[in-house]
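Hi,

Here is the structure I said I'd pass on. Have a look at it first, and my notes follow below.

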Amino acid sequence: MRYLGFILLLGLFSYQPGPKFPSKLSEYGLFEGELKNQLPHSGVTPYELISPLFSDYAHKLRFVQLPSGKSVAYNPDSVFQFPVGTRIAKTFYYPMDERKPNGSRRLMETRILSHEPTGWVALPYIWNEEQTEAYLEVAGGTSLVEFKNQQGKKQQVNYVVPNVNQCKGCHERDGKMTPIGPSARQMNASMQFAHGNENQLDYWSRTNQMRDVATSRPQFVSYIDESASLNERVKAYLDINCAHCHNPKGPAKSSGLFLDYRYYGTTAYGMMKSPVAAGRGSGGLQYDIVAGKPAESILHYRMNSHDPGVMMPELGRSIVHQEGVALIREWIKSLN
Amino acid sequence: MKYIFVLLLFIGLSPVMGQAQFEKALQTQLILATDGDVIEVEAGNFQISGSLSLEGKKKITIRGKGMDKTVLNFKNQKTGAEGIKITNCENIILEDLTVQDSKGDLIKTMHVKDIIFRRIKAEWTGGPKPQNGSYALYPVLCTNILIDSCIAIGASDAGIYVGQSKNIEIKNCTAYQNVAGIEIENSIYADVHHNHAYGNTGGILVFDLPDLIQKKGGFVKVHDNLIEDNNLSNFAPKGNIVGKVPRGTGMLILATSNVDIFDNKILNHRTVGVGIISYFMAEIAIKDKEYDPYPTAISVYKNTFERRLGRVPLEGRFAQIYRFKLRFGRNVPQIVYDGILDSTRCGSDGQYLPQHRICVHQNLNQSVANMDAEHDFKNVRRNPKELDCVQEYVKSNQF
């Protein structure tokens, strides 16, 4: 019995979805030095998002590798249309102590998004216990991780690595796989590069990785930035956490609920909107958002749940994002 | 290597394997499947901890060893909002297995062209409860759907639910202990026949709702079904439109046009055999400008109705209307129409033009009422002459 599982795993590693994909993360050659240090090779650019997706409090390292000599066109509205041959890597990790973000950490998985001639392909690589390598695991997996949170309290997460089908459950638009995060509005901010701080779009432009970058560019606020307006924080939060499915071309279009920031304030954004097929996800409530009344709003109810049949987003988290729920609660209270 | 791999998967799916390995092997097989594959699932009772998914494939058959022989149980599900999820596929057949107790929907298929559900039992095993998931079989935004000889039990919304889809046949199915047995919503060209819907809150529903991608349903035929004893107390979580369906409903048409109901046996419903109502009866403000809230072009004919004398159950909003506005007493009509007309479709006599009419004829034990809801139920009329008509039937659909 024990061997069977092992042999089966070997079978998995030999899986080649279409073109050949490496069974080990190291084979991509994205990083130099020890793999776990995640130091990008030349030609691999780290990037950050202003308002990132919540994934069970996991931290993320993001990298893009454009095919050599190629660049990506700037656009102000949507995710950049990276050329075929682009690879995006996203590593999920937990600092063992949230109060020491540069202390020791546990790498969980690295997702590779590879732009093939046939379209984007998502591949999850799971890190081994020794943190020396990550292996392709198309069926995903789960592992328990424990860390100290910002308050110094022990927190346990049953971390779930999605399988390749589930990857597409979010990364889908019009039935096609697509990246979610890297857009002008999310990247129009300064980050720390090896050479120092610089606005990401300026850097990409200066290094000829992005063409036609405008001088006037849209920018999301960071939803954790309490000095920003509540409405803007909520727009950014719901856009990155929900709108990848909840848009007219996404997997949740059948709900008619569109949380793309462009729909802010409309019925489609949830304002006094009745649910369609929410079932017990409605929590016995009548509308997605009732101005002034978070406790009567389905949006708040579903964000505040960790029941797989109720919670939203339905994938990518197993615990409640307390700060996110607090933000939405405060916002709904402020509406009239 | 490939042969060894296939062999291993074959061994991998035998029930001697641990549950976790079984689940992983099955999910892996669904991911690795290539066009034309048949995925056989062994007999046995398997506990599954997360949604099983099939995505972006063509011509795949998932086949168990038989209903109640191959059982996938999701009672201890930890991840995913449905039991089985099939998305962006073509030519998919699911057959001969039982799925149970998922946290959300049991089997959801979205954006699938040509899908067959055959001899699938989808059930919540703990009886009707609001904690049960919404839909047992749930194709949405699909084209060419056949649901044949399936059983759906315990859904807190609809047992068999087809939403925003096109070209649908549902036949030889059984649905009980659901809020709605079978529901067709915002879907066009549906043929629902030779099914047995009993013991639900409502037997068969045909709804058009606002604020959706596929706006208008219709061209629905419901015939040769046995719809009986749907008197179960409504256990839908509030907020869901189906929560407004009164217990004791045989059929309800909400805002859908071009619907024919014929040759059914509609028996023993304490509230209504066939209700035909506009969305205004849901008492929810309409903000969707493209939405058409009126049911039109509907024929109800050659059905058999039976109902014992007795008052409607006093439960929910409709029951209040029955008790305090309609005042039918114990002799409750089998077919009721809300009588709210779209004036743009009326002729000079104030009634619908021939192509938009509601026609009721040749039913056994027929009794009809117009609620006159438009005028606050002031002029409730039994056997109104404007509904005594015959019109062109819905043309046979794609099947």
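The lining of the second largest cavity takes at least three residues from each of domain 1 (2-211) and domain 2 (230-334) of chain A, with bounds from an automatic or database domain assignment. A cavity here is a set of points on a 1 Å grid over the protein atoms alone where a 1.4 Å probe fits but cannot get out, and lining residues have an atom within 4 Å of a point.

Before going on: this is a predicted model, where local features need pLDDT of at least 70, side-chain atom pairs count only at pLDDT 80 or more, and totals for chains, interfaces and linings use all residues. Residues are numbered from 1 along each chain as its sequence is written, chains are lettered from A and ligands numbered from 1 in the order written, and side-chain values use heavy atoms, leaving out hydrogens and water.

The whole structure has 6 cavities of 30 Å³ or more.

As for the two chains, the contact (heavy atoms within 4.5 Å) involves 51 residues from chain A and 53 residues from chain B. There are 3 salt bridges between them (side-chain nitrogen of Lys or Arg within 4 Å of a carboxyl oxygen of Asp or Glu). One of these pairs E55(B) with K168(A), with the closest N and O atoms 2.4 Å apart.

Cheers

Methods:
On a 1 Å grid over the protein atoms alone, a cavity is a set of points where a 1.4 Å probe fits but cannot get out, and a pocket is an open set with protein on both sides within 12 Å along at least five of seven lines; lining residues have an atom within 4 Å of a point. Grid points are joined across faces, edges and corners, and a volume is the space filled by probe spheres set on the points.
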